Each structure stands twice: as C-alpha cells, then as structure tokens.
Amino acid sequence: MDNFEKVTTGLGEECGVFGAYDMDGGDVAPTVYYGLFALQHRGQESCGIAVTDTCGERKMRSKKGLGLVNEVFDEEALHALHGNLGVGHVRYSTAGGSRAENAMPLVINYVKGVLAIAHNGNLTNAVELRHELEHTGAIFQTTIDSEVIAYHIARERLQAPNVEGAVKNAMKKIKGAYALVVISPRKMIGARDPFGLKPLCIGKRDNTYILASESCALAAVDAEFVRDVEPGEIVSITKDGISSDKSMAIDPARHARCIFEYIYFARMDSTLDGVNVYHARITAGRALAQSYPVEADLVVGVPDSGLVAARGYSEQSGIPVGMAFHKNSYVGRTFIKPKQSERESSVRIKLNVIPEVVRGKRIVMVDDSIVRGTTCANIIRMLKKAGATEVHVRISSPPFLYPCYFGTDVPSNEQLIAHSHTTEQIREMIGADSLGYMEIEKLKDMVGELGYCDACFTGNYPMEVPGRDVSLAFE
C-alpha cells in the first residue's frame with residue numbers, strides 16, 4: 001500500500017444493524033442482504049450476516065468480510081446461509097481499526113450455547129470494562145467495543161433466566177450509545193440505549209419480524225413499519241410474538257437522540273422516532289434562508305445530504321434550486337487513490353461540476369457540515385473554475401467544536417477547523433463569498449419535541465464522557 005492512501009469524504013457513522021425472524025421457517029439471508037443494502041450509507045468498510053434455524057440444531061452460520069455488501073456476498077454465499085432467523089451489520093470503523101476480524105456480527109460460543117450480536121454506537125466506558133474482563137481471564141479477538149458487550153451478555157446469561165434478561169443486566173454495566181440486535185437459536189432481541197442516541201425500529205412482512213437501524217431498510221424488503229424501539233427498551237421476538245421490557249428507560253426529558261442522524265447520517269426517505277428526515281432537512285434549509293439571506297441566482301446542494309436542505313433554502317428564499325454536481329455513485333465515503341504523482345483531487349473523483357448550470361451565476365451552496373474545511377474549499381474552487389461568479393456557503397449544522405464519543409467520526413479538537421478559527425476566518429480559508437452556519441437554537445425546529453444530543457456543537461454531553469479519544473484504545 002506504499003503508493004496508495006485511503007481518502008475519507010465527509011463524516012463517518014458507526015454502522016447499521018438489521019435482523020429478521022421468519023416465523024414460517026423461510027430463509028432470511030436474502031432479506032437481511034437487501035436490508036443491509038439499504039443501510040449501506042451507514043458503513044462501507046465491512047459487513048456480515050449470521051443466521052440460525054430455530055427448528056434445527058443450535059448452530060450459527062455466518063459470513064463477513066471487508067467491503068461493500070455486494071462485494072462480500074454473492075448468490076452462492078447467501079444460499080449457504082440457511083436459517084429463518086438472522087442478523088446483519090454494515091460497519092464504518094470509529095472504535096477499532098478497519099480489519100477483517102472487527103467485522104460484525106460477532107458470533108460467540110459459550111457454555112449456554114451460541115449468540116450473534118450486531119451493534120451500532122460507541123461505549124464510553126469500554127476501556128474500563130475491557131480491562132476488568134481481561135483481568136478475570138477474558139481473551140479478546142477484536143479491537144472493537146462491541147466485543148465487550150458480547151462478553152457481558154454471555155456472562156450475565158449464566159445467571160439470568162433468559163437472553164433478554166442477560167441483555168438487561170449487561171445494559172446496567174455498559175454506558176454510551178448503542179442499538180443492539182442479538183439472536184440466539186430461538187429468539188431475536190433488540191435493545192436501545194436509555195438516551196436513544198442510536199435509532200432502531202421494528203417492522204413486519206407477513207409472518208416475518210424485522211429490526212433495523214432505519215425505516216428505509218424496512219421499505220427495501222417490502223415490510224411495514226410497526227414502531228420505533230423506545231430509548232432504554234428491550235424487545236424480545238419469539239415464535240409467540242413480541243414482548244417488551246422498559247425497566248431500563250429513563251425520563252423522556254433526558255433523551256438525547258443524535259441530531260446528526262437528521263442532518264446527515266440517515267437516508268432522506270427514513271423516519272426516525274416519528275420525525276421524517278426529508279422534512280427535517282427541508283426545515284433546516286428554510287432556517288438557513290431566514291438567518292442568512294443573500295442575493296443570488298441559484299441554490300445548489302452538495303450531494304447527497306445537502307440536496308434536501310438546498311430545496312428548503314430555495315422554497316424559503318424564492319431563489320431557484322438546481323443540480324450543479326454530478327456524483328460518481330460508485331465511490332463510497334471512503335476510497336483508495338494513488339498518492340504523489342496523481343494530481344486528481346479526491347473531491348473531483350467523487351463530484352464533478354456541471355459548468356452550464358453555474359456559469360455566470362451567483363451560487364448559494366448548501367452542505368451539511370464543515371469538518372476540516374478542505375473538502376468545502378475544493379468544491380468552491382471547482383464551482384468558480386466552472387464560471388460561478390460568487391459562491392455563498394450555507395451549512396445545515398452549527399460549527400463542530402467538540403469531539404463525539406458516541407459513534408460519530410467527529411475528530412479531535414485540533415482537526416476541527418471551527419475549534420480554532422472564527423466564521424470569518426473559515427470563510428476566507430475556504431474561499432467563500434459568505435458563510436452561514438445553522439443557528440444552535442434552530443436545531444429544535446428540525447425534530448420538534450424530541451430530546452436530542454448536540455454535544456459536538458455545544459459540549460453539553462448527555463452523560464459523563466472519557467475526555468480523551470478512546471476510539472483506537474484497543475489497537
């Protein structure tokens with residue numbers, strides 16, 4: 001790899017989870033595959049599927065690897081995953097490096113049998129918990145905090161009457177953000193952290209029950225949305241139906257759903273906790289137009305998460321909205337490009353400006369965030385080279401000032417351009433004619449009455465955090 005480097009475009013999410021249980025006994029691997037396909041935007045580094053047959057022997061079949069869903073799985077691989085209960089995972093590494101052994105689901109064999117676990121999120125006390133386990137003889141195969149959760153569930157199962165009881169007891173020890181899907185040979189369990197930082201919903205298609213990170217994955221497999229798993233709730237799905245345990249729930253006033261799901265991570269056709277993502281982004285765009293009006297000829301959004309906010313800006317301002325970029329759909333959020341000799345910008349590999357759209361025009365460019373500033377500067381340079389006379393940048397999130405400890409790949413303070421520069425300095429650095437960020441107090445308009453976490457903008461974390469980057473603590 002001496003001549004290549006990995007390029008990351010935009011922020012990264014921890015991952016997406018998907019589980020399916022066909023009560024009629026049909027194989028669920030194809031359903032899980034298509035569900036993961038719909039969640040591919042949540043992680044492109046690795047993926048995996050584990051299945052079991054609830055009517056057969058207590059064994060788990062699994063396949064996982066580095067790459068996209070359609071790269072890891074083919075028809076033959078799916079056909080070999082025989083079973084009517086399964087769980088799948090797509091991963092973007094924020095805790096633990098990008099390596100094959102860190103792919104999920106984790107399949108663990110222990111004295112009570114076998115479990116498969118998929119996790120979205122980051123634990124804030126994983127380092128302490130792992131050290132405790134290591135000092136009592138635990139041997140770890142991965143460098144991800146999800147294995148800490150798996151160990152605790154397995155240990156608690158020795159005392160608990162059932163798997164859902166073990167999950168509950170493990171939840172009493174783990175802290176941080178998590179949406180979990182756990183399968184045993186006879187049941188599927190979903191659990192969500194008490195703050196609701198990570199999303200999880202329930203769906204149903206005929207006699208198949210589904211758990212998924214986003215509702216768009218339900219639509220992809222022709223399932224109906226039933227409801228969201230509530231913050232702190234544990235749902236258990238067996239041949240007898242769904243049961244719920246809300247004893248780990250906290251006061252709704254303390255709920256802290258990740259606001260960035262609505263700004264960027266979630267697909268625009270998803271609805272999370274009753275809030276439609278498309279509508280939330282339209283609201284964000286409208287708020288930007290109210291806060292930062294400007295005389296311009298065209299509003300354009302940076303694909304994909306800036307597109308809807310751009311439409312909202314256009315609706316509010318009356319400035320027409322247009323498509324100024326062609327996006328290369330075959331490039332994920334991370335990709336490999338040659339170093340040194342190649343002059344191609346990593347942005348141009350992913351985006352290309354359509355000169356006929358922007359030539360001679362004053363442009364309002366809407367994007368979801370500015371992290372380090374380099375990507376934004378490159379796009380502005382491309383627009384002006386294509387003939388745009390002015391580029392006014394509007395960002396549908398406030399400035400990033402603090403790191404995230406809950407599974408969003410917001411880097412350390414030193415790498416955050418807004419941490420050490422004023423808005424005017426950033427405007428000059430990226431080459432924009434004007435720059436406006438979403439106002440903190442207007443975030444609530446995106447999600448209505450929902451409690452949300454905006455700690456990456458305000459530093460107001462919903463729980464105690466490590467105070468240092470622990471994402472690679474086990475490397």
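User: Why is Glu-233 called buried?

Analyst: Glu-233 has a relative accessible area of 0%, and buried means under 20%, exposed over 50%, partly exposed in between (1.4 Å probe, protein chains only). Therefore Glu-233 counts as buried. The model is a predicted one, in which local features need pLDDT of at least 70, side-chain atom pairs count only at pLDDT 80 or more, and totals for chains, interfaces and linings use all residues. Residues are numbered from 1 along each chain as its sequence is written, and side-chain values use heavy atoms, leaving out hydrogens and water.

User: What makes the contact of Glu-233 with Arg-227 a salt bridge?

Analyst: The term requires a side-chain nitrogen of Lys or Arg within 4 Å of a carboxyl oxygen of Asp or Glu. For Glu-233 and Arg-227 the N to O value is 2.8 Å, so the pair meets the definition. Arg-227 has a relative accessible area of 27% and is therefore partly exposed.

User: Why are Arg-192 and Asp-273 called buried?

Analyst: Arg-192 has a relative accessible area of 1% and Asp-273 has 15%, so both fall under the cut-off for buried.

User: How do you know that Arg-192 and Asp-273 form a salt bridge?

Analyst: Their side chains meet at 2.6 Å, N to O. The pair links distant parts of the chain, 81 residues apart: Arg-192 lies in strand 9 (residues 188–192) and Asp-273 in the loop between strand 16 (271–272) and strand 17 (275–276). Strands here are DSSP runs (E, at least two residues), numbered from the N terminus.

User: What makes Lys-239 and Asp-240 a salt bridge?

Analyst: Their closest N and O atoms are 3.7 Å apart, so the pair qualifies. Both residues are exposed.

Technical notes
Helices (H or I, at least four residues) and strands (E, at least two) are DSSP runs, numbered from the N terminus.
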